[in-house]
Amino acid sequence: MDIKISPSMLASDFANLEAELKKCEIAGADMIHLDVMDGRFVPNITIGAPVIKAMRAVCSLPFDVHLMISEPLRYIEDFADAGADIITFHAESDSDISETIDKIISCGCKAGLSVKPKTDISAVYPYIGRLSMVLIMTVEPGFGGQSFMADMLPKAEKLRGDFPNIDIQVDGGVDPETVKLCAKAGANVFVAGSAVFKSPDPAKAIARLKENAGKI
């Protein structure tokens, strides 16, 4: 599986989003991870479709939109219209999972399904044939900068063993060391926030993440 780095804009400078996006493009990022939080599904509130639409106008990388919201089905069209390429939502949300996946695909986007740390990976299995990606949270969703939860990695191991060809994304506490553990467990798409945006050289940071993920 191709190794992909998806810098999380949650760790970026929100006062300079265009510059931060350009930084990711120049640094060799594979996609941009956009966390959408509603203050209900998680306690924090971040950005919505209008901001993503504005970002879309100044960035050519694929947009990896992660909906941490209670009713994702209501907003799929909004985020697809804003320029999302991949829309990932949570199995624990209030929307019907199958209907939400169908809506994402019908809007021309790739569908991803995510599980919180306390949710068994088997929750995604009934839908796997329609998913392009599964996101395994290695922190509790809602805030950036949390410590990596290594005890989530067996989920990736099981998923990779059962479904060798699906993209497996990990999100939370990914850095040059933890990326090795994630890759060994079977993940190939890595959300990196502080590891990229707090680095003095984002290009070197992304290159190192990819290099270390390949050392399995």
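Leaving aside neighbours within four places in sequence, which residues is Thr 88 in contact with? I began my notebook here and found Asp 64, Val 65, His 66, Leu 67, Gly 112, Leu 113, Ser 114, Met 133 and Leu 135, contact being heavy atoms within 4.5 Å.

**Ground rules.** I am reading a predicted model, where local features need pLDDT of at least 70, side-chain atom pairs count only at pLDDT 80 or more, and totals for chains, interfaces and linings use all residues. Residues are numbered from 1 along each chain as its sequence is written, and side-chain values use heavy atoms, with hydrogens and water left out.

**Thr 88.** I placed Thr 88 in strand 4, residues 86-90; helices (H or I, at least four residues) and strands (E, at least two) are DSSP runs numbered from the N terminus. Thr 88 counts as buried because its relative accessibility is 1%. Buried means under 20% relative accessible area, exposed over 50%, and partly exposed in between, with a 1.4 Å probe and protein chains only.

**Helix 5.** Next I looked up the buried residues of helix 5, and they are Leu 153, Lys 155, Ala 156, Leu 159 and Arg 160. These cover an arc of only 145 degrees around the axis, so they lie on the same side of helix 5; the arc is taken from the directions from the helix axis to the C-beta atoms. They pack against strand 5, strand 6, strand 7 and helix 6 (178-185).

**Helix 5 with helix 6.** I then checked which residues meet: Leu 153, Ala 156, Glu 157 and Arg 160 from helix 5, and Leu 181, Cys 182 and Ala 185 from helix 6. By class, I have five nonpolar, no polar and two charged residues in this contact. Ala, Val, Leu, Ile, Met, Phe, Trp, Tyr, Cys and Pro count as nonpolar, Asp, Glu, Lys and Arg as charged, and the others, Gly among them, as polar.

**Rings.** How many aromatic pairs does the structure hold? I found one: Tyr 125 and Phe 163, edge-to-face, 5.0 Å centre to centre and with 80 degrees between the planes. Rings of Phe, Tyr and Trp (its six-membered ring) pair if their centres lie within 6.5 Å; planes under 30 degrees apart count as stacked, over 60 as edge-to-face and the rest as tilted. Tyr 125 is in the loop between strand 5 (110-115) and strand 6 (133-137), and Phe 163 in the loop between helix 5 (153-162) and strand 7 (167-171), so the pair ties together parts 38 residues apart in sequence. Phe 163 counts as partly exposed, at 24% relative accessibility.
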